[in-house]
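Try each task before you read its solution.

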Amino acid sequence: MTTTVFDSRISTGRGSGAAIAAGIALLLGIGIVYVGIELYDDLVSAPLNSALPYILLGVALLIALGFEFVNGFHDTANAVATVIYTHSLPPQLAVVWSGLFNFLGVLTSSGAVAFGIISLLPVELILQVGSHAGFAMVFALLIAAIVWNLGTWYFGIPNSSSHAMIGSIIGVGVMNQIMARAGSGTSGVDWNQAAGVAKALLFSPVIGFVLSAGLLLLPKTLIRIPSLYRAPEGPTPPPWWIRGLLVLTCTGVSFAHGSNDGQKGMGLIMLILIGVVPTTYALNKALPPGQVSEFSTNSQAAAQIIAAKGAGYDVLGNPRPAVTLYVAQHQLSEGTYPALAVLVRDIDNEAKQYGSLAKVPQNQVSNTRNDMYLASEALRLLVKDKQNELSPTEVATLNAYKKSLDNSTKFIPAWVKVAVAIALGLGTMVGWKRIVVTVGEKIGKEHLTYGQGAAAELVAMGTIGLADAYGLPVSTTHVLSSGVAGTMAANGSGLQPATIKNMVLAWVLTLPAEITLSGTLYFLFSHLF
C-alpha cells in the first residue's frame with residue numbers, strides 16, 4: 001500500500017481535538033432532537049390523509065440531507081487540505097473545526113442562492129411540486145447529483161457539487177420538455193437564468209487560478225523568507241502569523257462554503273415540504289400582520305404600472321394561464337400585461353380579506369402561494385426585459401412589490417437550516433481524506449507550501465463570500481483546487497498532468513453526464529410515481 005505524506009501527518013495528530021469533537025457531537029445531538037421536535041409539531045398541526053405522503057416525505061428528506069452529507073466530505077475537504085499540509089492544525093482538529101464553521105455558515109445563510117437555483121426549474125413543476133411529476137423531479141435531481149459526487153470522490157477527483165446540481169436541473173428541464181405534448185406550452189430550462197449561473201461556475205476556476213498565482217507572487221517580492229515558499233520539512237508548524245492566516249482562511253472558506261453550498265439542499269427541501277405539507281410551509285406565516293398594509297400599497301402601485309402597459313386589452317376568465325405561459329416561454333403577448341394586472345389585484349384582495357398569511361384558509365394556501373410565486377417570477381422577467389421600456393422608477397416599484405411577494409413565499413424555517421447544517425457538518429468530518437490527499441500532494445509536483453496554502457485559501461474565501469452576497473452559486477472545489485494549481489505554476493513547482501487531466505475531465509464531463517443521468521431518472525420516476 002502506498003503511504004502518502006498525509007498518513008505520516010495524521011499519525012502525529014491522533015487524539016488532537018478529541019474534547020472539541022465530543023462537544024460538537026453533543027451540539028449535533030441537540031440539533032437533531034430540535035429538528036425532530038419541530039418537524040413533528042409541524043406535521044401534527046397539519047395531519048395528512050394517509051401514510052403514503054409521510055413515507056414520501058421521509059424518503060425525500062433523507063435523500064436531500066444525503067446530498068448535503070456527500071457535499072460536506074466532497075467539497076469541504078478542500079478547505080482543510082492547506083492547514084493539514086502546512087502543519088497549521090492536526091488533521092482531526094482541522095476537520096472538526098471546518099465542520100463547525102460549515103454548520104454556522106448554513107445557519108446564517110440568506111436563502112438567496114437556494115431560490116436562485118429553484119428558479120432554474122420548469123415553472124409548472126414548481127407550481128405542482130406535490131404532484132407525481134414534482135416528486136419525480138426532486139428524486140431525479142438529488143439521486144443524480146449524489147451518484148456523480150460519490151463516483152468522483154471514490155477516485156479522489158475534486159469535483160463541484162454545485163456543477164452537479166446545475167447539470168441535474170438542466171437534465172430534468174430538458175426531459176420535461178421532451179415528454180410534453182406538442183403545443184402544451186410546457187417549459188424546459190430557463191436558459192437565461194442558467195447562463196448567469198453557468199458564468200459564475202465557468203469563471204470562478206479562472207479567477208481562482210489567476211488571483212491565487214498573483215497573490216503568491218506579490219509577497220514573494222515583498223517578503224523574502226525562503227521557508228514560506230518551500231514544502232514544510234517535518235512536523236514543525238509555520239510561523240505564528242502565517243499559521244494564524246492559514247487557520248483564518250480555512251475558517252472563512254468553511255463558513256463561506258456552508259453559507260453558499262448549503263443553500264442548494266435547503267431550496268430542494270422547501271420544495272419537498274411545500275409539496276407534501278403546503279398548509280404549513282407554502283406561506284410564511286411568521287410575517288407580522290402589519291406588513292399587510294405595506295403589501296397592499298406595493299400591490300396597488302405595481303398593478304397601476306402593469307395595467308397601464310396593457311391598456312386597451314381585457315382579460316376574460318382565469319388570468320393564470322397567460323402569466324404561466326409568459327414565465328415558461330419568456331415571450332410577451334397581448335394578454336400578458338392585463339392578465340398579470342388581474343393576478344396582482346386578486347392577490348391583493350386575498351391579502352386584505354384574510355388580514356395576514358396565518359389566516360389564509362388551509363384549502364386556499366397552495367393556490368395563494370402559487371399565485372404569489374407566479375407573479376414574482378413574471379416580474380423578475382419583466383424588469384430584465386429591455387423591450388418593456390420601464391423607467392427606473394417603475395422598475396423600483398415593481399421590485400418593491402416583488403420583494404413583498406418573495407417575503408411571503410421564499411423563506412426557510414430554522415429547523416431546515418439546522419438539519420442541513422448537521423448533514424453538511426457531519427459530512428465534513430467523514431470521508432475527506434481522498435480529496436485532501438489530491439489537493440495537498442497530487443496537483444503540483446511538489447507538496448503545498450505555507451505561501452501557496454495562504455494565497456489559495458484567501459482567494460477562495462473572498463470569491464465564495466462575494467458570490468454568496470450576490471446570490472450566485474459557485475464551486476468551492478473549483479475555486480480552491482484551481483487556486484492551488486495557480487500557486488504551483490507561479491511558484492515554479494510544476495503541475496502533475498494526470499491529476500490536472502482528471503480535474504479538467506470531471507469539469508467538462510459533469511454537465512453532460514448529469515444532464516443524461518438526471519433526465520433518464522426523471523423519465524423513469526415519472527412512469528413509476
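**Exercise 1: a buried ring and its partner**

Tyr281 has a relative accessible area of 2%, so Tyr281 is buried. The model is predicted.

Task: Classify the ring pair of Tyr281 and Trp415 as stacked, tilted or edge-to-face.

Solution: 
- Start with the distance: the ring centres lie 6.3 Å apart. Pairing requires centres within 6.5 Å.
- Next, take the angle. The planes meet at 65 degrees, so the pair is edge-to-face. The cut-off for that class is over 60 degrees.
- Now place the partners. Tyr281 belongs to helix α12 (residues 278-281) and Trp415 to helix α18 (residues 414-428).
- Check the cover of Trp415: its relative accessibility is 5%, so Trp415 is buried.

**Exercise 2: a second pair**

Task: Find which helices hold Phe295 and Tyr401, and how the two rings are arranged.

Solution: 
- The centres are 5.8 Å apart and the planes 50 degrees apart, a tilted pair.
- Phe295 sits in helix α13 (residues 291-309), and Tyr401 in helix α17 (residues 392-409). The pair therefore ties together parts 106 residues apart in sequence.
- Both residues are buried.

**Exercise 3: the whole protein**

Task: Describe the fold by its helices, strands and buried residues.

Solution: 
- Count the elements: 22 helices and 0 strands.
- Then the burial: 55% of the 529 residues count as buried.
- Finally, the rings. The whole structure holds 5 aromatic pairs. Phe135, Phe139 and Phe525 form one aromatic cluster.

Conventions. Residues are numbered from 1 along each chain as its sequence is written. This is a predicted model: local features need pLDDT of at least 70, side-chain atom pairs count only at pLDDT 80 or more; totals for chains, interfaces and linings use all residues. Side-chain values use heavy atoms; hydrogens and water are left out. Helices (H or I, at least four residues) and strands (E, at least two) are DSSP runs, numbered from the N terminus. Buried means under 20% relative accessible area, exposed over 50%, partly exposed in between (1.4 Å probe, protein chains only). Rings of Phe, Tyr and Trp (its six-membered ring) pair if their centres lie within 6.5 Å; planes under 30 degrees apart count as stacked, over 60 as edge-to-face and the rest as tilted.
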